[in-house]
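Let's take a walk through this protein together, with the coordinates open beside the text.

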Amino acid sequence: MCWPKSSEFYYDNKKIVGCGRIAKATLGESATSVMRENVKREIVTHHALRITCLASRAALAARHFHPYRRAVARAASNAFPFTRYRPIVAIYPLRLKPKLDHRLWGGQRLARWLGLPEPLPDDLAEIWLVYAENPILNGPLAGKTLGEAARELGEGLLGSQSIPRYDRDFPQLAKFIDANDRLSIQVHPDDAYAHTVEAHTGFHGKTEAWYILHAEPGATLIYGLKRPSSREEFARAVAEGWLEELVHYLPVQTGDVIFVPAGTLHAINEGILLFEIQQKSDLTYRVYDYNRRGPDGKLRELHLEKALDVIRYEPPAQEKIPPIALEPDRDLLVACPYFALERHRLAQARAYATRPTSFDAWTVIEGAATVAGERLALGQSIVLPAHLGDYLIEPEGTATLLRTYYPDLDADLIGPLHWLGYSDERIAQTVKSA
Ligand SMILES: [Zn+2]
């Protein structure tokens with residue numbers, strides 16, 4: 001399989017150069033109709049963008065707008081074709097100020113791994129890397145939050161895919177979690193429950209996925225129930241104190257991928273450092289917290305009735321998610337309608353392009369790299385708006401990065417994976433429809 005560079009693509013075996021937004025596949029006789037339709041749509045989009053871009057670029061050049069001229073032109077031209085008397089909206093790589101979260105169950109491992117300055121905190125539990133409330137650090141949008149930028153730029157930042165579901169909300173949360181003690185046993189509702197019972201909160205359901213960055217020998221997660229149960233039995237197990245007999249302890253190793261659809265009872269236990277990608281939602285129902293007390297000396301609130309409403313009482317059908325290769329050194333770790341998570345190992349510079357359907361968020365988990373002109377050290381992230389277009393990633397030596405985005409499952413993943421020869425069954429192990 002030979003992939004074209006992102007600056008070229010093929011349609012009906014004809015090579016077309018210079019269309020960086022196009023799906024990176026060589027489309028031949030065997031291309032699926034889904035891919036064909038997608039590419040046709042993208043060709044139209046691309047040419048429309050290019051024409052309007054030229055108009056805006058001329059206008060902007062005349063106004064000496066720099067340094068984000070090209071990206072600004074794209075954004076302006078999308079929103080206001082053929083006019084130069086419109087507000088200027090900046091589209092450029094967004095560096096965010098991460099949010100450090102200190103909890104009782106945190107520790108020093110995350111700080112040590114990232115090389116944070118001494119003295120190291122001994123209760124660092126989470127780093128929220130990509131989150132709507134994180135302030136932007138660079139460029140014309142500095143000082144605004146990612147969420148404010150998303151509301152301002154709309155499709156220019158978010159892409160078209162998440163808007164029908166989330167409007168202009170930034171739809172994902174990506175974080176590191178370092179568990180030095182067991183986290184509470186919990187469950188999250190799905191959209192249907194969130195939109196009815198929790199409608200007053202404005203939150204959606206919460207599906208999440210974990211990529212294990214480091215697991216101590218013998219480390220486990222709680223992942224679903226170990227045998228079919230029922231609401232009554234589960235409630236009894238909690239009341240009588242034998243819940244731990246009902247839950248499934250899943251041993252994990254470094255590199256494992258776990259998908260946690262809404263309704264799956266779960267907990268991260270001690271000795272695990274992981275990257276988490278999830279739907280942006282704050283609806284968590286704690287079932288059991290090992291009778292621990294918070295900093296205020298009180299037991300943390302539990303939410304048993306709601307948990308009982310949403311728990312899946314059947315054991316999970318699949319435990320770990322097998323990664324699937326999209327290209328050499330590019331693996332899809334897991335995807336669902338709310339997020340896709342890819343791992344890229346780079347030994348040399350590689351060209352990429354954002355899709356009009358989604359932003360790209362990148363996080364360095366090994367080494368360091370420059371992404372779209374911004375240097376990222378280990379553990380740092382960047383958000384590339386959907387209308388940014390072509391960009392480069394240049395590793396320093398070798399680097400491993402995680403890419404998260406809001407996928408169009410058929411066009412971005414299932415179509416290309418079929419074309420690569422993967423069966424429906426194999427694809428379904430990694431690409432989850434819900
Ligand atoms: Zn959770």
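Why does I258 count as buried? It has 24 C-beta neighbours inside 10 Å, so I258 meets the criterion: a residue is buried if 20 or more other C-beta atoms lie within 10 Å of its own, exposed if 12 or fewer, and partly exposed in between, with C-beta atoms placed from the backbone. Before going further, please keep in mind that this is a predicted model, in which local features need pLDDT of at least 70 and side-chain atom pairs count only at pLDDT 80 or more, while totals for chains, interfaces and linings use all residues. Residues are numbered from 1 along each chain as its sequence is written.

Back to our starting point. I258 sits in strand β11; strands here are DSSP runs of E with at least two residues, helices are runs of H or I with at least four, and both are numbered from the N terminus. Leaving out residues up to four places away in sequence, I258 touches A209, W210, L221, Y223, K320 and I321, where a contact puts two C-beta atoms, placed from the backbone, within 7 Å. Y211 lies 47 residues from I258 along the chain, and their C-alpha atoms are separated by 6.6 Å. Beyond its own neighbours within four places in sequence, Y211 is in contact with V257, L274, F275, L333, L341 and L402.

Both residues belong to something bigger. The largest nonpolar core has 101 residues, and those with the most contacts inside it are A209, Y211, I258, I272, L274, L341 and V383. Such a core is a set of buried Ala, Val, Leu, Ile, Met, Phe, Trp, Tyr and Cys residues joined through C-beta atoms within 7 Å. This one draws at least three residues from each of domain 2 (182-310) and domain 3 (324-430), with bounds that come from an automatic or database domain assignment.

Now follow β11 into its sheet. Six strands form an open, antiparallel sheet in the order β4-β5-β6-β13-β8-β11, where pairing requires at least two DSSP bridges between two strands. Its edge strands, β4 (99-107) and β11 (257-260), each pair on one side only. From one strand to the next the twist averages 20°, using axes fitted as lines to C-alpha atoms. Within the sheet, eight bridges join β6 (residues 172-179) to the antiparallel β13 (residues 272-279), and Q172 has Q279 as its bridge partner there.

A second open sheet has four strands, ordered β18-β23-β20-β21 with antiparallel pairing. β18 (350-353) and β21 (374-376) stand at the edges with a single partner strand each, so one side of each is left without a neighbour in the sheet. Three bridges join β20 (residues 369-371) to β21, including the one between A369 and L376.

Further along comes helix α10 (residues 409-419), whose buried residues are A411, D412, L413, I414, G415, P416 and L417. Just after α10, G421 takes a positive phi of about 100°.

Finally, step back to the whole chain. It comes to eleven helices and 24 strands, and 44% of its 434 residues count as buried. The mean pLDDT is 84, with 79% of residues at 70 or more; pLDDT is the predictor's confidence in each residue, from 0 to 100. Over residues 58-67 the pLDDT is below 50, and beyond near neighbours in sequence this stretch has eight contacts in the model.

Methods: Axes fitted to C-alpha atoms, helices over the stretch in contact; angles between N-to-C directions.
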